[in-house]
Amino acid sequence: VQLQASGGGLVQVGGSLRLACAASGPILYRMAWYRQAPGTPREFVGSVTSGGTTNLADSVMGRFTISRDNAKNTMYLEMNNLKSNDTGVYYCYGYSRFSRTNYWGQGTQVTVSS
């Protein structure tokens, strides 16, 4: 399984971005976004199961929306009202319940400027 993240970029405070993570291979049970700012640990942003159950970190609740399209085997992260501390590299994660394997994609940089 390979995960390909896209959609990062430079945006001003209050702006919006939409990230996508396209997975090759079989449908993953759980997919998630994590992010990492320089000098900080990687942190959980949000997750979505193949059944559509979602979970978001408190820091992004009300601003971010996570979703997935199983037909396209792709997960999305809609980010609105972006803040400076949303800046970081956003990583795509997937878990296969069948093989009990974790997968990580390459990161996509999100920079929110004031």
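This passage walks through the overall build of the protein and then turns to a group of its aromatic side chains.

The structure described here is a predicted model. In this model the protein contains eleven strands and zero helices, and reading along the sequence gives the pattern β-β-β-β-β-β-β-β-β-β-β. For 114 residues, a compact globule would have a radius of gyration near 13 Å, and the value for the protein is 13 Å, so the two agree. Along the principal axes, the C-alpha atoms fill a box of roughly 45 × 25 × 20 Å.

The next question is how the chain is packed and what its surface is made of. Of the 114 residues, 41% count as buried. Among contacts with a separation of 6 or more, 51% come from residues 24 or more positions apart. The accessible surface comes to about 6,000 Å², and carbon and sulfur atoms account for 49% of that area.

A pair of aromatic rings is described by the distance of the centres and the angle of the planes. The protein has four aromatic pairs. One of them joins Y34 and F44, whose rings are 5.6 Å apart from centre to centre, with 75° between the planes, an edge-to-face arrangement. Y34 belongs to strand β4 (residues 30-36) and F44 to strand β5 (residues 43-49), so this pair ties together parts that are ten residues apart in sequence. The two partners fall into separate accessibility classes: Y34 counts as buried because its relative accessibility is 18%, under the 20% cut-off, whereas F44, at 24%, counts as partly exposed.

Y93 lies in strand β9 (residues 88-96), while Y34 lies in strand β4, so the pair ties together parts that are 59 residues apart in sequence. Y34 and Y93 are both buried.

Which residues make up the aromatic cluster? Y34, F44 and Y93 form one cluster together with W104.

Note on methods:
Residues are numbered from 1 along each chain as its sequence is written. This is a predicted model: local features need pLDDT of at least 70, side-chain atom pairs count only at pLDDT 80 or more; totals for chains, interfaces and linings use all residues. Side-chain values use heavy atoms; hydrogens and water are left out. Helices (H or I, at least four residues) and strands (E, at least two) are DSSP runs, numbered from the N terminus. The radius of gyration is taken over C-alpha atoms; the globule rule is 2.2 Å times the number of residues to the power 0.38. Buried means under 20% relative accessible area, exposed over 50%, partly exposed in between (1.4 Å probe, protein chains only). Contact means heavy atoms within 4.5 Å. Accessible areas come from the Shrake-Rupley method with a 1.4 Å probe; for residues, only the protein chains shown count as cover. Rings of Phe, Tyr and Trp (its six-membered ring) pair if their centres lie within 6.5 Å; planes under 30 degrees apart count as stacked, over 60 as edge-to-face and the rest as tilted.
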